[in-house]
Structures are given as C-alpha cells and as structure tokens.
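Dear colleague,

Here is the structure I said I would pass on. My notes on the two ligand sites follow it.

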Amino acid sequence: MQYSITSLAKQALRGHQGWPEAFRHPEPQKQYDVVIIGGGGHGLATAYYLAKNHGITNVAVLEKGWIGSGNTGRNTTIVRSNYLLNSEIPLLEWSLKLWEGLSAELNYNVMFSQRGVLDIFHTDGQRDEAVRRGNAMIMNGVDAVMLNRQQVLEMMPLVDENNGRFPVLGGLLQPRAGNARHDAVVWGYARAADRLGVDIIQNCEVTGFERDADGRMTGVETSRGRIGAGKVAVAVAGHTSQVMQMAGIRLPVESHKLQAFVSEAVKPCVDTVATFGVGHLYISQSDKGGLVFGGMLDGYNSFAQRGNLPIVEDVAEAMMMFLPSLGRVRLLRHWAGVVDMTMDGSPYICKTPVEGLYLNGGWNYTGFKAIPGAAWCFAHTVANDAPHKFNAPFHLDRFAEGRPVDATGGGPFPNHH
Amino acid sequence: MRIPCPLCGDRPLEEFTYRGDATVTRPAAAAPMEAWVDYVYLRDNPKGPHREHWRHAQGCGSWLVVDRNTVTHEITQAAQARPAGEVQR
Ligand SMILES: Cc1cc2nc3c(=O)[nH]c(=O)nc-3n(C[C@H](O)[C@H](O)[C@H](O)COP(=O)(O)OP(=O)(O)OC[C@H]3O[C@@H](n4cnc5c(N)ncnc54)[C@H](O)[C@@H]3O)c2cc1C
Ligand SMILES: [Zn+2]
C-alpha cells in the first residue's frame, strides 16, 4: 500500500483497523543471488539499493534478532557531513543528499529534521581547528558557517555563558545537518526493499560460511538451515570480527561500547544538535521532549550492551558545565551499543580477500548518518564487484599500504577515535 | 568494574587506563612488513575471555596484564606485566 493523505483518510474512517503489515515475513528460500547478513540500517538499505539501482531483487536480509535491534535502534541519530578529510567528505555528503529526499523516496516518514549541528569551541586552538574543518567542507561543496560567541548564545540560550574556565568563543554550524527517527529508517528501508521483492528474514542467525573448492562463497549456514548465495554481504556492526572470523579473516577492529542517555520530557529548549567542545558531550531534543545525549566510549573491549558508571559520571559533569540549568532534569534511561571501532576511526566498505564476500562495517559510532550513502555505495560494490569512487578509500588494505583515513590522528588505538 | 591491582588491591575503573590486547607480540625489527601490519593493526577481538593491558595510572603506575571476559566483564586474574619472553605468573 502506498502511504498518502488518501490512504490515511481511508484508514482513519475505518478506525485504523485496516493497515496491512509493512513487510512480509517469508520463509527463507534455498538460493539467493545476494544474501545480506545483518538487518540494521546498512543491511536493509543495501538490499533496497541492490534492487532499486541494480535490478538485483533475488536478495535476502538475514537478521539474528529483529530488524533494528542493533546499533541502528540504539543510536543518537545525528546526521551530518561536517567531516575533515577529502577522502571522507564526498561519501558523507552524498549520504546527506540522499537523506534530504529519503522520506519521499521510501514513501515513509523518517522524520529527517535539518535543525543544524553546532560544534561549540572554547579555546583559540579549537577555533583554528573549526576554521580548518569549515574550509575543508566548503571546498567540498558542503555548507559550513562560523558563528561568533553572540550567535552561539542566541542559538543555545541555556549554554553557561559565564564559564570562566571554558568560555564560549564561537561555533561551527552545519545548517543542513540534523537528526532523524532511527526506527523509521529501519522500517522505511525494510518496507521499501520488501516491496521490490527482497526477503527480510528475522530470527535467523548466520553461524558459518559455505565455500567451493576455489574458496568462493556459495552460501551460509544459519539457525534456520543452509541458504545458498551467489554473493554474501556482511553488515553486522559490533559483531564484524565474529562474522568475518568464520571466513578466516582477522580484522583491524575492536568492539567497544558507547552509551546514550535520555532525560524525562521537558518543554522545547534545545532546537539544534549541539556539541560541547570540552571533554565530550553532545545533545539534542527529541520530538517527545526528551533530551538525548551522549559522551565518550567506555574505552575497553566489550560486547556487553550496558554501560559502566564512570562514563555516566563523566557525561553528567560535562552537562553541568555546559547546560547547568538542566542539572535537576531526571535521567529516564540509558543504554549502550556495541560498536566496531577501527584502527583509524573510519569504516570498511569493500571487497574482501574471499571471492564473493563483501564487507560494510567498522562504523565506529558514526554509521547512522552514513546509512543511505554507504549502503548506496556498498550495493554498487556488490553489484559491480568493484567500489564506487566515494567508497574506494575505505578498503581493508589501507593500513598495509600506509593510507589510513585518520581524521583525528589518533593512530592505531580504536578507543582514541 | 573493579580491577584487582596486585600492588594496591581492588581499585575502581576510573583509576586505570586501557591499552588493549596483551597477546599480540612485537615482531623483530627485521621481520617482514606483513608481520608488522599484523602486530600494529589486526586483532582477534574475542567475544569472551580476553587478555589485555591496563595501567594503574591514577594509582601505583604499574602496567598490568588482566584476564577479563568481554561479555560479562568478569575479571579472573590481574598480574604485573613482564618483559616479553619472561614467564608470566
Ligand atoms: C549509543 C550510540 C550512539 C550513536 N550515535 C550515532 C549518531 O548520533 N550518528 C551516527 O551517525 N551514528 C551513531 N552511532 C553509530 C550507528 O548507530 C551505527 O554505526 C549504525 O547504526 C550501524 O548500522 P548497521 O546496520 O551497520 O548495524 P546494526 O544496526 O547494529 O545492525 C547489525 C545487525 O546485524 C545483526 N547480526 C549480527 N550478527 C549476526 C549474525 N551472525 N547473523 C545475523 N545477523 C547478525 C545484529 O543483530 C544487528 O541487528 C551510534 C551508536 C551507538 C551505539
Ligand atoms: Zn596499583
């Protein structure tokens, strides 16, 4: 069913009892042209673009739990392309362009809201860095605006303007950035892929790979039996190492956890996405009124989807420095997601040493915004057995070749990115 | 998480800094490039028992080798790090 004002009116008259399911729940077939492992945003969007852009519709997405149960359903939904390096800006800006038309394209409201992302700075060094980043963006055709202290305080009146230790000097604003509804992105891509013939199979964990005598991928072993595949595409975020290990591939990845927090609902008071340049804190406000915020990684390898208290304390302290008037707002919930941190902070969207096996992973804590653009490029890579120029820098061999894509200069320490 | 430092006893997580996998070993200077790439970049990243380096930075300053489960966070052993090659514990 096409969602429209007419279908809405019709269903309203029927008391909303007649809405059909958004996508099918098929039994797995014996053989697919492409099997995608992981029903997060990246896996589902890849299936959609394979069908839509490349006419490959005999595709299954295998998800071990329910779709969106991984990081796509756990993230703080910031969408931006305010990156620094010429190797990364084109991919993220392409993604942002796709976001701008996504609700219409998918016929599903992903609630993309271009409320801007504002990075506030507090030292001269940070200002220099912001100018450099802003110029890099502008040179790549991305919108970037430098705000002075007064303009920042007008946009974010709750910011502590009297902080003597960390005065607000200004901010770098990307007006076209913003956020979106995470679940809607999952459901929207799932429904759109399903309508093009893609099978979305939940509660189906991939437990092994099947390869022919030449080592080429021929299928996967799953908790619901063997499924044959011409090509296999992996998009499993925090479990990238575990899945790729089944194909004998050791990766430049460590799994870490990142926490997020939501407060009780309050009246609208933060109408952009703001980051505090001291330590690490970022905040936005959901349509329901909850303040959504987060900080740094917990910092050590972990597959536990729960956070530790030192980061809670750290984030609370940063909040008291940044927006002290929120000090008495109560925390409603907090959680953690397992993120696949890489050795340079950048992802892998590439072919692998195994023929017929492709990887989209290593998204660190930055892969939500990238879903449309990266999945678009990943589908291109799978369909053509070669990368698109936007994802060409993001291959596994870059370390051996001495070409890491390391914007922070953190070096081969995943918890420093 | 509390880490049992062999010198200071059980201490809270905030006092420690993390370095990472303690099982990777530095190759000889003349080792082939692949061995170096492997050492610097590739990790097993196990889901379960993990042997890792921590430093009691806000305490005695020791480098520790800690056996910790990456799913449950249970710590089964913590010992002072020793130069490579020397028998550990
Ligand atoms: C707290 C937090 C905040 C974040 N904030 C932001 C943000 O503001 N902006 C941003 O851009 N990014 C953010 N991120 C990062 C972003 O959420 C991820 O990079 C992105 O969602 C990854 O999408 P994905 O589809 O690759 O992974 P996921 O959504 O995790 O999907 C992977 C799926 O694979 C499944 N799977 C795993 N193993 C198997 C198997 N063997 N068989 C079958 N299925 C399997 C999992 O169940 C999971 O559903 C944040 C992450 C976290 C944790
Ligand atoms: Zn100690």
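In the residue classes used here, Ala, Val, Leu, Ile, Met, Phe, Trp, Tyr, Cys and Pro count as nonpolar, Asp, Glu, Lys and Arg as charged, and the others, Gly among them, as polar. By these classes the shell around ligand 1 has 15 nonpolar, 16 polar and five charged residues.

This is a predicted model, in which local features need pLDDT of at least 70 and side-chain atom pairs pLDDT 80 or more, while totals for chains, interfaces and linings use all residues. Residues are numbered from 1 along each chain as its sequence is written, chains are lettered from A and ligands numbered from 1 in the order in which they are written, and side-chain values use heavy atoms, with hydrogens and water left out.

Ligand 1: 36 residues surround it (a heavy atom within 4 Å), and Glu63(A) and Lys369(A) are among the closest. An oxygen atom of ligand 1 lies 2.6 Å from an N or O atom in the side chain of Glu63(A). The protein covers 97% of the 1,000 Å² of accessible area (Shrake-Rupley method, 1.4 Å probe) that ligand 1 has on its own.

Zinc ion (ligand 2): its protein donors (N, O and S atoms within 2.8 Å of the metal) are Cys5(B) (SG), Cys8(B) (SG), His56(B) (ND1) and Cys60(B) (SG), at 2.0 to 2.4 Å. The arrangement is tetrahedral (all angles between 85 and 135 degrees) because the four donor atoms subtend angles of 103 to 118 degrees. Along the chain, the donors follow the spacing C-x2-C-x47-H-x3-C.

Regards

Note on methods:
A polar contact is a pair of N or O atoms within 3.5 Å; within protein, one must be able to donate a hydrogen and the other to accept it, and residues adjacent in sequence count only if both atoms are side-chain atoms. Donors are N, O and S atoms within 2.8 Å of the metal (3.2 Å for Na, K and Ca); water is not among the atoms, so sites may look incomplete. Four donors count as tetrahedral if all angles lie between 85 and 135 degrees; four count as square planar and six as octahedral if opposite donors are over 155 degrees apart and all others between 65 and 115; anything else is irregular.
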